[in-house]
Amino acid sequence: MRPARSAARLTAAAALALGLTACTINVGGGSPETPAPEETTAAEETAPVEDAEEVDDEAAGDAGASGELPDWANPVTDPGEQISTFTVGDVRVDVYQVGVTQASKDGLFVDPENNAPIIAEGDDIVFVNYVITNEGAPIDLGSSLVSIDERYDDWPYMQGMDTIVDDALYEAQGVHADAMHDQAYREPTVYPFATGQSYSYATNFRYQPGSPITFDAVITPVDAEGELLHDERMEGEGTGTIS
């Protein structure tokens, strides 16, 4: 906004100079009634410039408050129905149930009692999408970003819920498997997350309609060298129900 405001000031200065010149000429020409209107006109021309500067200041404030995408993130997606929202410190997490489809292959985890896959090819799986927004001060995240673990309240296994890794399934649902784009990696692994910025990513797991589910989230900020600041660790929890 500095160039626009400078131009406004130059315009005001030029207008004032012209007004003063006109006053001088009129006085020299022996017309005493002319100077007063010219002075009033100069004042009136100066006032709109002050208003323009105020508008510029307001516009700058609005621009600073608007959300943006971090330079390391894929575009934000938010399809589906919102089923939960919660905070981790000043970071808000909105959870959306996106859709149900069938697993394209077996999952990685098996039931220890029968050695059968917890998710078998053809089983129904549900996609949820996380939209994560920084509503507080800027924060530097590590490669885990905001780490979220989802688990049905009646999940019977020690390990977390299994997921199917298949890019085509994510594309079909209109979501990203990873919050970061493929050029995001850097050294040190510091990922700035500014005020008002958002990113999103999705995951999938076995579909259990009508099941309550809990989302546990953790943020461990990093320093300028990418070292975890464990003393500043933040935790949050949200709940919802898979429909």
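Is Arg92 buried, partly exposed or exposed, and what is its relative accessibility? In this predicted model, Arg92 counts as partly exposed, at 25% relative accessibility.

**View 1. Salt bridge between Asp94 and Arg92.** The closest N and O atoms of Asp94 and Arg92 are 2.9 Å apart in this salt bridge. Asp94 is buried, its relative accessible area being 7%, whereas Arg92 is partly exposed at 25%.

**View 2. Salt bridge between Glu135 and Arg92.** Here the side chains of Glu135 and Arg92 meet with an N to O distance of 2.2 Å. Because Glu135 belongs to the loop between strand E3 (124-134) and strand E4 (139-152), while Arg92 belongs to strand E2 (residues 91-102), the pair ties together parts that lie 43 residues apart in sequence. Glu135 has a relative accessibility of 48% and therefore counts as partly exposed, since the exposed class begins over 50%.

**View 3. Salt bridge between Glu235 and Arg233.** The side chains of Glu235 and Arg233 meet at 3.0 Å, N to O. Glu235, at 55% relative accessibility, counts as exposed, whereas Arg233, with a relative accessible area of 43%, is partly exposed.

**View 4. The network of Arg92, Asp94 and Glu135.** Through salt bridges that share partners, Arg92, Asp94 and Glu135 are joined into one network; Arg92 takes part in the bridge with Asp94 and also in the bridge with Glu135. In the model the count of salt bridges comes to four, among them the pairs Asp94 with Arg92, Glu135 with Arg92 and Glu235 with Arg233.

Definitions and conventions
Residues are numbered from 1 along each chain as its sequence is written. This is a predicted model: local features need pLDDT of at least 70, side-chain atom pairs count only at pLDDT 80 or more; totals for chains, interfaces and linings use all residues. Side-chain values use heavy atoms; hydrogens and water are left out. Buried means under 20% relative accessible area, exposed over 50%, partly exposed in between (1.4 Å probe, protein chains only). Helices (H or I, at least four residues) and strands (E, at least two) are DSSP runs, numbered from the N terminus.
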